[in-house]
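Colleague: I would like to learn how to read a few features of a protein model. Please take me through them one at a time.

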Amino acid sequence: MTTELKAGDAAPDFTLPGDAGEVSLGALKGKTVVLYFYPKDDTTGCTAEAQAFTAAADDFAGAGAVVVGVSKDSAASHGKFRAKYGLAPLLGSDKDGDIVVRYGAWVEKSMYGRKYMGIDRSTFLIDGNGVVRRIWRKVKVPGHIADVLSAVKALS
């Protein structure tokens, strides 16, 4: 059992297949990374979140940040999701769930009284040295992207 990741911890490294090639934290060293975990491609909340990050893509880039979304969907699914909505974030496929677990985003959820395991919508702000600077758990999409962007700008 791993302890929960917290601000100040080294961000677990990863290399994941993406719809446009590999997505790797190590390859982004020196850049601020906004890493967000989401449950499933092309679902209402996940689409709204990805579209909100896309709408703010120029602001994140202007602040020196790269936005990376991760779910357990396949790279092919990510490609369809990106194409359907014209999405900007890099999308990584964590099919085996290793990275989701290492970031503590694999949690017990409950819907209509049924308990199951799933991805907690969560976001991690990682500085250019690979250190987690801020964590948002149980994210609600409205207002979230503005909050993350504000935190990114505060790092600069």
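Colleague: Is Asp-42 buried, partly exposed or exposed?

Modeller: Some ground rules come before that. This is a predicted model, where local features need pLDDT of at least 70, side-chain atom pairs count only at pLDDT 80 or more, and totals for chains, interfaces and linings use all residues. Residues are numbered from 1 along each chain as its sequence is written, and side-chain values use heavy atoms, with hydrogens and water left out. Buried means under 20% relative accessible area, exposed over 50%, and partly exposed in between (1.4 Å probe, protein chains only). Asp-42 has 37% relative accessibility, so it counts as partly exposed.

Colleague: Which side chain does Asp-42 meet in a salt bridge?

Modeller: A salt bridge is a side-chain nitrogen of Lys or Arg within 4 Å of a carboxyl oxygen of Asp or Glu. Asp-42 meets Lys-84, at 3.0 Å from N to O. The pair links distant parts of the chain, 42 residues apart: Lys-84 is in helix H3, and Asp-42 is in the loop between strand E3 and helix H1. Helices (H or I, at least four residues) and strands (E, at least two) are DSSP runs, numbered from the N terminus. Lys-84 is exposed because its relative accessible area is 53%.

Colleague: How many salt bridges does the whole structure have?

Modeller: The search finds 9. Among them is Arg-133 with Asp-127, whose closest N and O atoms are 2.8 Å apart. Asp-127 counts as buried because its relative accessibility is 12%.

Colleague: In what sense do strands E6 and E7 pair?

Modeller: Two strands pair if DSSP finds at least two bridges between them. E6 and E7 pair in the antiparallel sense over 6 bridges.
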